[in-house]
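Reader: Walk me through the charged side chains in this one, please, cut-offs included. I'd like a close look at how they are placed and paired.

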Number of protein chains: 2
Amino acid sequence: MNRIITISREFGSGGRTVGKLTAEKLGIPCYDQELLEKIEEKSGFTKEYIKDRGEYTAHGSWFINAFAGRDSTGKSTQDYLWNHQRDVILELAEEGPCVIVGRCADYILRGSADCLRVFIHASMGKRAARIVQVYGQREESPEKRLKDKDQRRRAYYQYYTDTEWGVARNYHIALDSGELGIERCVELISSLY
Amino acid sequence: MNRIITISREFGSGGRTVGKLTAEKLGIPCYDQELLEKIEEKSGFTKEYIKDRGEYTAHGSWFINAFAGRDSTGKSTQDYLWNHQRDVILELAEEGPCVIVGRCADYILRGSADCLRVFIHASMGKRAARIVQVYGQREESPEKRLKDKDQRRRAYYQYYTDTEWGVARNYHIALDSGELGIERCVELISSLY
């Protein structure tokens, strides 16, 4: 069984960067942009749709969106995307050791791969500063953007995995990247691989 | 400001041992038994009472116990114990660098000390095996004992800190001691000090 690192992360915590640098350090691939491309190829959904709806519920009420827009078999477009995404993640894990960022990979690979499950988080203040630096100012305050993202990601995770997001016991190691710094997180994770 | 390590832990995860070994490695004191003695001295409660009610709600319904047995000022004996416990923890943190295990020290020292906040957890199976090994068999199954302890500790923490127990974002580092092993946890925590 291949050794995989899955990185779950709060939006703005720098978890994606932690994943990329850890993979570089270990000399294994990190699937992020490439993962989107493979899912696009397989599912026919655009990368923009996948980026948004492969980890988040739709804007507005989670409840309405979960049960609206279903076809005659009861499946929503988000369910189709979930299935394709799951298949791609399982295939990548078969191919060789790698780092996979987000997309419930920790849950999808439970039992079928030898996984080190990581969670990266940071305080609201540190994440707000980071998203302004990385993505620029928007009309909405960074705090409001983060709260919306957190809420939608949490709901998505809960719906497809029936597990609570961000609870320490679901991960082998959970780290505050804002307090410890990105470099230190990379060192700690690499040392466990 | 002294540098303190607070270790919050699930019952049976070996968090106390992680704390003791980390303190030994760093050459600083670990307050556990000594903490109980100081609280006993200060509060007049027996060590047995402090052990049980300084981190756990009473057996049975949390709601009933939280509001029953209050004096004319509205304080329960558990509230008195909480106050004494808090004072002892604040004094110890003033004295010098140390490791403090449990007793909501992470919450009590927020803002008043330079703390590394650690959470140690493990799967139900690993914890069950450990408590049988450490404390022996009892009439109740180890799983039932663990569920009861978890529930009472979670309720205690929630009541006095108004914060959810075991949520990754409350800690700088959260570790699965069952999967990573006690030694590895000690190494990781020491490397952050």
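Author: Burial first: buried is under 20% relative accessible area, exposed is over 50%, and partly exposed is in between (1.4 Å probe, protein chains only). The model is predicted, so local features need pLDDT of at least 70 and side-chain atom pairs pLDDT 80 or more, while totals for chains, interfaces and linings use all residues. Residues count from 1 along each chain as written, chains are lettered from A and ligands numbered from 1 in written order, and side-chain values use heavy atoms, without hydrogens or water.

Let's start on the surface. Glu34(A), Glu37(A), Glu41(A), Glu94(A) and Glu95(A) gather there in a patch of negative charge (like charges joined within 9 Å, over 30% relative accessible area, no salt bridge). Two helices (DSSP runs of H or I, at least four residues) each supply at least two of the patch residues: α2 (33-43) and α5 (77-95) of chain A. The largest share, three residues, comes from α2(A). Glu37(A) sits in that helix α2 of chain A, and with a relative accessible area of 37% Glu37(A) is partly exposed.

Now the pairs. Over all chains there are 30 salt bridges (Lys or Arg side-chain nitrogen within 4 Å of an Asp or Glu carboxyl oxygen). Take Arg3(A) and Asp114(A), whose closest N and O atoms are 3.2 Å apart. That pair links distant parts of the chain, 111 residues apart: Arg3(A) is in strand β1 (residues 3-9) and Asp114(A) in strand β4 (residues 114-121), both of chain A (a strand is an E run of at least two). Arg3(A) is partly exposed at 24%, and Asp114(A) is partly exposed at 32%.

Over in chain B, Asp32(B) and Arg16(B) make a salt bridge at 3.1 Å, N to O. Asp32(B) is in the loop between β2 (30-31) and α2 (33-43) of chain B and Arg16(B) is in helix α1 (residues 15-26) of chain B, so the bridge ties together parts 16 residues apart in sequence. Arg16(B) is partly exposed, with a relative accessible area of 40%.

Asp150(B) and Arg127(B) also meet in a salt bridge, 2.9 Å from N to O. Here helix α8 (residues 142-161) of chain B holds Asp150(B) and helix α7 (residues 124-135) of chain B holds Arg127(B), so parts 23 residues apart are tied together. Both Asp150(B) and Arg127(B) are buried. Elsewhere, bridges that share partners join Glu10(A), Arg127(A), Asp150(A) and Arg169(B) into one network. The buried residues of α8(A) include Asp150(A), Arg145(A), Arg152(A) and Arg153(A).

Note on methods: Patch = residues over 30% accessible without salt bridge, like charges linked within 9 Å, V, L, I, M, F, W, Y side chains within 5 Å. Areas by Shrake-Rupley, 256 points an atom, 1.4 Å probe, with all protein chains shown as cover. Lys, Arg positive; Asp, Glu negative; His and termini not counted. Charge placed at Lys NZ, Arg CZ, Asp CG, Glu CD.
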